[in-house]
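Subject: Handover of a structure and its findings

Dear colleague,

Please find below the structure that I am handing over to you. My notes on what was found in it follow directly after it.

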Amino acid sequence: MRFFLKWVDSGEEVCIGKIVKSDLDILDFTLSQREGGIALCSLTIPLSSILKKDSYAFLIAKHNEKMTPLFYGKLMGVPLHVSDLQQKIELFAVPKDYRSQLEKIKKEAHQTAEWDELFVDVEKREDPTEILESRPELFCWNPVTHQVTLSNFFVGRVNRTFNESQILQNSLKIKIGQLPKPYINLSVVAEWVQEAEGEINLFPFIEKKFSGGKINTLTPKSLLIQWPRKGQLLGRSGYAIVESHLQPFNPPMTGSLGIYPHFTDQIELLDENAGAIRLRQTWLNGKLKLGWCYKQKRREIVKLKLNHRHQMLSRSEANKLDLTLRLSDLSKHLPTPATPSFFETERGKQAIGHALKIASCHLAPSSRTYEITIKVPITEALGITLDETITIYHPALTKGSAKGKLVSYKLHASFEKSWAQLTIAMAAGEDGEVKIDGFNLVAEAELEGLPLPETLANSDFIDALSLRNDAFSQSQIIKQKAPRNKDELRQILQDNQTEIIFTLRDIRSKDVLERQFVVDTPLFWSAPKQV
Amino acid sequence: MRFYHNLNKLAIKPYSRGFQASSTALFNTEIGILELKSEEEVIDSLDIVCLPDFLEILVEFIPIPFDYPHLMATYYYYDKVFPSVPLYSPEKIQFVKAIDLIFAGVMKIKMPTSRDSFLVNGDGFDGLYLKNETYLQSKLIHRFCFDFQEQSVTGHFNENKEIIIFPYAGFYKPGCHLNDIQQVFCTIEENADMSYVHCSLLDEWHNQGRFPPQSYDNNDKKLIFRSSSREPYISFVNSIRHGKISISLSSTDEEAQLQQSYVSMDIFQHGPTKAFIQFIKST
């Protein structure tokens with residue numbers, strides 16, 4: 001087997017099959033790659049070798065007359081190590097177009113159900129790595145083509161098999177890589193400002209309080225003067241007058257029914273010369289509309305526990321994980337700005353589901369409990385990438401075989417030997433992957449503050465309404481007090497003018513209204529069963 | 001650039017700080033109370049109900065024509081009978097049986113407390129409404145009736161030289177002056193070999209110093225008014241001025257028992273077929 005290194009000038013097209021000579025004498029090389037990272041190739045070459053600084057080069061293997069590119073990368077400027085006769089150089093498989101490739105992957109990922117922008121700060125939404133938070137996947141960098149793809153934690157796109165005869169003797173090693181996390185305590189926090197406004201027509205409520213169903217009084221002047229003006233604010237209560245007027249009117253004739261009397265009964269003044277009089281009863285019509293405005297900061301916290309089902313039973317990692325996810329600006333995701341609860345909406349439940357995906361991605365790496373390392377002849381691993389599922393058949397394994405995801409490889413060749421070391425991670429899940437379907441959200445307390453305004457009627461904004469001294473009551477008082485003359489009558493009316501008092505719904509705002517929810521549905525997640 | 005770590009998810013990185021909303025502690029800080037009550041307002045006068053001193057009511061004149069085609073007038077000269085003529089000829093529309101005064105929708109009110117009167121559209125204000133029996137049925141304020149004949153009449157040549165004068169009809173033409181509306185009398189005479197109804201206005205008699213139905217000697221003739229009325233006839237306008245028409249204002253609320261009667265005291269023309277009748281409180 002021979003190895004070639006071929007420098008590639010910018011814009012040059014290389015025909016791998018026609019290479020007959022190496023641009024450098026390769027004394028030995030090591031080609032390695034770990035999942036999520038790019039491939040590195042370190043070569044030991046004669047000190048006198050001429051290097052093309054900042055150039056890209058192919059590393060090609062020729063085996064059985066077949067030329068297989070193993071690596072394509074850029075030379076690092078400075079050698080790693082220099083001795084009397086040799087130098088060690090390093091090349092990195094850095095894609096020239098990695099930005100555009102990642103951008104493309106990012107855009108495609110944003111269209112899938114695995115992306116929820118609520119979980120990412122605005123300034124980080126263009127970062128391609130953010131798409132990996134809720135996917136059990138990593139970027140996979142092809143060491144030769146430099147193509148970037150997403151590769152699943154547990155299963156690769158390509159299957160490769162090694163049986164006992166291919167594995168170098170005494171090279172099979174099995175270890176427990178990491179213990180699975182038993183569960184994740186997840187908190188999802190959402191904050192927003194509930195904003196609502198509306199109008200209430202108060203006039204019908206006032207009218208209903210009066211006999212006859214219309215405002216009537218013997219003291220219209222005070223009511224007309226006290227009637228609120230448009231634009232008037234009721235302190236800092238959130239209420240303001242938006243429409244208001246009051247004026248006397250002639251009510252309809254009702255004949256003998258006498259529903260709308262125009263004057264009082266005869267009032268006999270006790271003084272002899274004062275005589276008997278009738279007072280005019282004024283009927284008033286108008287409008288009184290109140291506008292209200294409400295703002296309240298709200299915070300909702302959903303707490304849940306995602307349990308990890310795995311085969312390790314009592315052997316779990318001691319360090320539990322508490323994960324708090326804080327959502328970004330909800331304003332575009334609320335059904336209306338007046339929504340009093342986010343997590344009780346469909347969008348909120350969708351966010352909880354996404355949070356569970358993120359949590360499961362935290363459990364996923366810890367579920368790859370077992371690691372098997374094997375060494376095979378380098379010829380068995382030509383063209384290997386990290387997007388591969390490796391199946392090993394060996395009598396040392398339980399049931400004689402094992403399957404897992406290739407998480408790292410190292411290819412080494414020198415004059416004396418050449419090999420490929422492969423590390424495979426296997427998940428100790430149960431009964432196949434358990435998906436999370438539905439959950440029950442329970443609020444720990446009732447909703448405080450203003451509920452959804454659409455559920456409120458005008459009457460819900462009136463806590464109390466009191467009326468004193470409509471015309472009928474005033475007439476009764478006059479009869480009771482039996483004034484002697486007009487001056488006394490005037491004083492009685494002065495002391496018993498018509499009054500209307502509203503106490504409105506309390507819409508005072510607080511610093512924040514916090515509400516906690518728990519998910520009482522037991523939630524489990526499990527990786528595939530690979531052992 | 002730390003390419004490896006930046007692109008490796010497994011590197012530890014902090015999660016989003018999340019959106020932190022601003023506090024709303026100071027947005028609404030008070031409970032909303034709306035009080036409509038007067039603390040200091042002084043009642044300087046009582047709103048006592050009083051009835052107007054004077055009323056003016058706009059009426060429209062609707063003449064009631066005669067419909068007696070069978071009534072005839074015949075003149076006799078001894079035994080000679082002149083051909084009869086219809087007593088009330090349909091062409092003579094100026095002669096009417098009565099005039100209906102119909103409420104025309106407008107009143108003027110003068111209250112004791114104000115110097116000027118104000119106009120009211122409709123037949124009521126402040127709970128008081130016109131209330132006559134005839135009015136409630138058909139908006140009729142008053143039917144001004146004239147004396148007329150309900151049977152055929154005859155005229156005779158009288159050797160005693162007595163001239164019989166009959167109350168005939170009322171005179172009214174749309175557009176005529178109010179002073180022209182008056183009682184009309186007639187005598188049955190002969191003209192061109194035909195019986196003839198000779199009409200005379202009340203004004204003409206008054207101008208002669210005669211006041212029907214009082215009888216008079218006129219030179220060698222005696223004028224006899226054959227009328228059931230014992231009172232002197234007066235013109236339409238004078239009748240109004242003498243309180244011929246009465247109305248009442250009543251409260252719509254019968255329990256309030258508020259009612260006031262008014263009598264007519266004058267009349268003013270208002271267009272060709274309308275007039276304002278002025279009323280005063282009757283004691």
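This is a predicted model: local features need pLDDT of at least 70, side-chain atom pairs count only at pLDDT 80 or more; totals for chains, interfaces and linings use all residues.

At 8% relative accessibility, A:C140 counts as buried, where buried means under 20% relative accessible area, exposed over 50% and partly exposed in between, with a 1.4 Å probe and protein chains only. Its closest cysteine sulfur is in A:C361, 17 Å away, which is too far for a bond. B:C145, by contrast, is exposed at 52%, and the sulfur of B:C145 is also too far for a bond, at 17 Å from the closest cysteine sulfur, in B:C176. Over all chains, the search finds zero disulfides, a disulfide being a pair of cysteine sulfur atoms within 2.5 Å.

Residues are numbered from 1 along each chain as its sequence is written, chains are lettered from A and ligands numbered from 1 in the order in which they are written, and side-chain values use heavy atoms, with hydrogens and water left out.

Nonpolar cores

In soluble globular proteins, nonpolar side chains tend to be buried together. Here the largest nonpolar core has 44 residues, and A:F29, A:L43 and A:I374 have the most contacts inside it. A nonpolar core is a set of buried Ala, Val, Leu, Ile, Met, Phe, Trp, Tyr and Cys residues joined through side-chain atoms within 4.5 Å. Strand β21 (residues 401-413) of chain A gives the most to this core, with five residues; helices (H or I, at least four residues) and strands (E, at least two) are DSSP runs numbered from the N terminus. A second, separate core has 38 residues, including B:V237, B:I240, B:I245 and B:L249.

Beyond residues up to four places away in sequence, A:I374 touches several others, among them A:F162, A:I392 and A:L422. Contact here means heavy atoms within 4.5 Å.

The structure holds 28 aromatic pairs over all chains. Rings of Phe, Tyr and Trp (its six-membered ring) pair if their centres lie within 6.5 Å; planes under 30 degrees apart count as stacked, over 60 as edge-to-face and the rest as tilted. A:F203 and A:W227 form an edge-to-face pair, with 5.8 Å centre to centre and 75 degrees between the planes. A:F203 lies in helix α2 (residues 203-209) of chain A and A:W227 in the loop between α3 (220-226) and β14 (239-248), so the pair ties together parts that are 24 residues apart in sequence. Both A:F203 and A:W227 are buried. In chain B, one aromatic cluster is formed by B:F66, B:Y68, B:Y88, B:F95, B:F148 and B:Y168.

A:H308 is in strand β17 (residues 282-309) of chain A and is buried at 8% relative accessibility. The side chain of A:H308 reaches the backbone oxygen of A:K181 at 2.8 Å. Its contacts beyond four places in sequence include A:P180, A:Y183, A:L363 and A:W525.

A:D116 is in the loop between α1 and β8 (137-141) of chain A, and at 6% relative accessibility A:D116 counts as buried. Its side chain reaches the backbone nitrogen of A:L118 at 3.0 Å. Leaving out residues up to four places away in sequence, A:D116 touches A:R347, A:A351 and A:H354.

In helix α6 (residues 486-495) of chain A, A:L489, A:I492, A:L493 and A:Q494 are buried. The buried residues of α6(A) pack against β16 (276-277) and α5 (471-481) of chain A.

Chain B has four helices and 20 strands. Of its 283 residues, 43% are buried. Among the contacts in chain B with a separation of 6 or more, 61% are between residues 24 or more positions apart.

Yours sincerely

Terms used:
A polar contact is a pair of N or O atoms within 3.5 Å; within protein, one must be able to donate a hydrogen and the other to accept it, and residues adjacent in sequence count only if both atoms are side-chain atoms.
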